[in-house]
Amino acid sequence: MSDLFDESVRFADLGLNDRILAALDRKGFEHPTLIQAQLIPPILNGKDVMGQAKTGSGKTAAFALPILHLADPDIPMQALVLAPTRELAVQVAGEIEKLAEDTDIKVSCIIGGESMRKQKKSMEAGGHIIVGTPGRVMDLQNRRELSFDRIRFAVLDEVDRMLDIGFRDDIRQILKTCPTDRQTIFVSATISGEIERLGRQFMKEDAEKVETVGSS
Ligand code: ADP
Ligand code: MG
């Protein structure tokens, strides 16, 4: 995995707060991966980003760390992270939760096949960052149990897989409903023409694109 890392950089150099650095320390993360070193600074600077890196290169922390740094504990439902499958949503929510352990930021996971009541309770208990699959997120939004009004960060994780699965309409609908002054972040193992067009439609004009070597 050593070709994945940028060993010239330490997490402490990236300007992340001490609570986040403590969690990274516990996890034994010392150096950011290439995609992390390239995505964290622009996200911290408020930019929209589209990041490509192969599977296993640390894309979750690449978007989660700067969001945790910028997140406001007084604002519920301020970040929405969409993942293609339940399993991935659970995995991503778990990873963000670990990174958030020392912060006041809470993560809620919204997936099909689990009790709505439980998920609603989890959102009410904090739910600053909502991680879910597009279908379930749309469901809850249609029932007015989930609001996009305060969304400051909209993340599409594994965009290529989400499009393969057929979530394009849901994704468009969700992004259209989020406030326009949000930050939009896409990460994916591959970036197709369709993903580029989605980015042009939903990201700010000065969005940054970062590609690392290799795919899948
Ligand atoms: P991707 O989304 O690109 O497939 P993940 O975000 O799932 O990759 O990360 C893959 C694995 O690498 C996870 O187990 C994660 O905890 C670990 N990881 C991520 N960033 C680092 C890092 N900077 N140092 C060490 N391990 C890391
Ligand atoms: Mg991933």
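Me: Is M77 buried or exposed?
Reply: This is a predicted model, so what follows is computed from it. M77 has a relative accessible area of 11%, and the cut-off for being buried is under 20%. That makes M77 buried.

Me: Which residues of helix α6 are buried?
Reply: Helix α6 covers residues 134-142, and R144 comes just after it. Buried here means under 20% relative accessible area. The ones that count are P134, R136, V137, M138, L140 and Q141.

Me: And what do those buried residues of α6 pack against?
Reply: You'll find both helices and strands on the list, so let's take them in turn. The helices are α5 (116-124), α7 (159-165) and α8 (168-177). The strands are β2 (79-82), β3 (107-110) and β4 (129-132).

Me: Let's go to A154. What relative accessible area does it have?
Reply: A154 is in strand β5, residues 153-157. It is buried, so its value has to be under 20%. The relative accessible area of A154 is 3%.

Me: Which residues is A154 in contact with, leaving aside its neighbours within four places in sequence?
Reply: Contact here takes heavy atoms within 4.5 Å. With those neighbours left aside, the partners of A154 are L80, L175, R182, Q183, T184 and I185.

Me: How far apart are the C-alpha atoms of A154 and I67?
Reply: Along the chain, A154 and I67 are 87 residues apart.

Me: Stepping back, how many helices and strands does the chain have, and what is its radius of gyration?
Reply: The chain has 9 helices and 7 strands. For 216 residues the globule rule gives 17 Å, and the chain comes close to that, so it is as compact as a globular protein of that length. Its radius of gyration is 16 Å.

Me: What share of the 216 residues do buried ones make up?
Reply: M77 is one of the buried residues, and A154 is buried as well. Over the chain, buried residues make up 51%.

Definitions and conventions: Residues numbered from 1 in each chain as written. Chains lettered and ligands numbered in written order. Predicted model: local features only at pLDDT ≥ 70, side-chain atom pairs only at ≥ 80, totals over all residues. Heavy atoms only, no water. Helix = DSSP H or I, 4+ residues; strand = E, 2+ residues; numbered from the N terminus. Rg over C-alpha atoms; globule rule 2.2 N^0.38 Å. Buried < 20%, exposed > 50% of the residue type's maximum accessible area, 1.4 Å probe, protein only.
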